[in-house]
Amino acid sequence: MGKTTAEKIFDAHLVNEPFPDTKVLRLDAVLCHEITTPIAIDDLIRRDKDRVFDPTKIKAVIDHVTPSKDTKTATQAKILRDWARRHGIKDFFDIGANGVCHALFPERGFIRPGYTVIMGDSHTCTHGAFGAFAAGIGTTDLEVGILKGVCAFRQPKTIKFNVTGTLPKGVYAKDVILHIIGKIGVNGATDKVMEFHGSVVDAMTMESRMTLCNMAIEAGGTSGICQPDMTTVEYLWPFIECEFASKEAALADYSQWRADADAEYDQTIEIDVATLQPTITFNYKPDQVKTISEIAGTPVDQVYIGSCTNGRLEDLRIAAQILKGRKLAPNVRGILSPATPAIFKAAAKEGLIDIFMEAGFCVTNPTCGACLGMSNGVLADGEVCASTTNRNFMGRMGKGGMVHLMSPATAAATAIEGVIADPRKYL
Amino acid sequence: MKTFGGPVLFLDRSDINTDEIIPAKYLTEITKEDLKPYILEDLKLSGFDPKDDKTKNARVILSRANFGCGSSREHAPWVFEVNGITAVIAESFARIFRQNMFNCGMAAIELPKADLDLIFSHSGQSDAAISINIEAQTLTMSGGGNQKTFPFELSPFDKALILAGGWVDYADQKY
């Protein structure tokens, strides 16, 4: 019997199986940010175990509230900063170099096919785009990961999503994943891996695959996983060219992590995107989705483009294409937060930042900020935000505020019209 | 080992998420104790008030499917713990929340819907209480002069974590 990608990774990283169905895995990357890590650090100090299992496998960033907005957030940043220095964690990203973790770490080449990755952040599933097993965990799992380099998981079952057809104009990875979550529900993949296959995924850039995998958790999934291929190799090539004689050699090596043709799946779900429309959430759960034709015309107060879901260069290009030469509707304020400094720089060089600013957008530094109602764009009670982020829980972007999740294209069209709008007429 | 049980807080809705349990704006607190006043602050549910005595006195939460979905924040189990709630009983849990509970040495117990329906039918009784026996894997509901015991499933690993008082101590001994 063949294996899924997650099964192959589990087998290759198994430390032991202390109980049936419980697998302790060796970790290749432990990612840290300043919200969930400081309490782990404090606890390790309190236990007289202020150690790290391997400083080269730990990556840390201050990203959720940066620059710090008050004494508390400055203290969290300081705890992480001091700890990274104390333990010689070289891959630590502070102001000037910091960006949204799930955009920054892949951009630095830290995530490779076949890796096991944990982070005290639910959207860690993003990194499965590289053919890795990447799971969000809590602070205690993080603490043990930092100290011992291991984490325990139940053997996950895998749902195969076979995404076929041709993406229509104005429809993107974000629409595909919102459609999938709408189909299977917010706990449709709980304790399961969502493995994405099919011609649509094969044709996607790494950025789009990250968007797809990013929202696996919104269906309860442990990790999203895409199959490593030449697109993966091309993305990683600047970081791996000293490891492999050629791209073909890298591909041959990474292909060991591709699911076997005879792998057994818990379920296989066929998704045909040929008739898919721009898809948008309504209400307060990510599985509550409507097509643009059902929801167009809904007024919004703010448009937010950014986050680990859709704050990458590809996303900025799509939004800028629609915004070019146009203005924000007078009733709407627009916020752009490029997800990393490299994205910000590239967007400036390409003239995208000019387009956003000409349209009337405020451009902020890279940070998670507004997505979880921490800073840089928090909503007032009763306000509505059209957002390229990943979670529309009640009050997520500010107490009493409402969030409609959508693609960067739909967000840009919405910015122009001041109501949820169809991006296809601008493309 | 911790004892599990006491007055029940009934939260009769599915998909109660971590933002409702503890809003993100409080994640800047450095100690668990500082989270205490903000328990379930953003949960809007008929008959529920995060500030009333029912919430204050509760030791067990009873809820429906997919409890604890959303963020990985362990602040969700912590805000329960510092308020004296060390067990959540639900039809199902989101993976990260469930693991966080066991990792803290607390109990996340799944019961079939029919059993939950029966326990929810006692939600009007002011003396509704549940006691939980981890070793025996049973829980006993009492209230209004009635008493009924339900068996529950618990994986050996999760049970070991509860008995060890959490994952850090357990992992430190074994790895």
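This is a predicted model: local features need pLDDT of at least 70, side-chain atom pairs count only at pLDDT 80 or more; totals for chains, interfaces and linings use all residues.
Residues are numbered from 1 along each chain as its sequence is written, chains are lettered from A in the order in which they are written, and side-chain values use heavy atoms, with hydrogens and water left out.

Chain A contains 16 helices and 19 strands, where helices (H or I, at least four residues) and strands (E, at least two) are DSSP runs numbered from the N terminus. Its C-alpha atoms fill a box of roughly 60 × 55 × 40 Å along the principal axes. The radius of gyration of chain A is 21 Å, which agrees with the value near 22 Å that a compact globule of 427 residues would have; the radius is taken over C-alpha atoms, and the globule rule is 2.2 Å times the number of residues to the power 0.38. Of these 427 residues, 65% count as buried, a class that means under 20% relative accessible area, with exposed over 50% and partly exposed in between (1.4 Å probe, protein chains only). Among the contacts in chain A with a separation of 6 or more, 74% come from residues 24 or more positions apart, a contact being heavy atoms within 4.5 Å.

Chain B meets chain A through 44 of its own residues, which are in contact with 49 residues of chain A. Together the two chains bury about 4,100 Å², 57% of it on carbon and sulfur atoms; buried area here is the accessible area (1.4 Å probe) that two parts lose on being put together, summed over both. On the side of chain B, the residues B:I30, B:R95 and B:Y175 supply 19% of the area buried against chain A, more than any other three residues.

Helix 2 of chain A, residues 37-46, has seven of its ten residues buried, so it is largely enclosed by the rest of the structure. The buried residues are A:T37, A:P38, A:I39, A:A40, A:I41, A:D43 and A:L44. Their cover includes strand 3 (29-33), helix 3 (71-86) and helix 5 (139-148) of chain A, together with helix 3 (75-81) and helix 7 (167-174) of chain B. After helix 2 of chain A comes A:D48, whose phi is positive, near 60°.

Elsewhere in chain A, the loop between strand 4 (58-61) and helix 3 holds A:P67, which is joined to A:T66 by a cis peptide bond with omega about -10°. A:H179 belongs to helix 6 (residues 173-184) and is partly exposed, with a relative accessible area of 28%. Beyond residues up to four places away in sequence, A:H179 touches A:I271, A:L276 and A:T279.

Two further residues, one from each chain, show positive phi values. A:N376, with phi near 55°, sits in the loop between strand 17 (361-363) and strand 18 (384-387) of chain A and counts as partly exposed at 32% relative accessibility. B:D15, with phi near 60°, occupies the loop between strand 1 (4-10) and helix 1 (18-21) of chain B, and at 11% relative accessibility B:D15 counts as buried.
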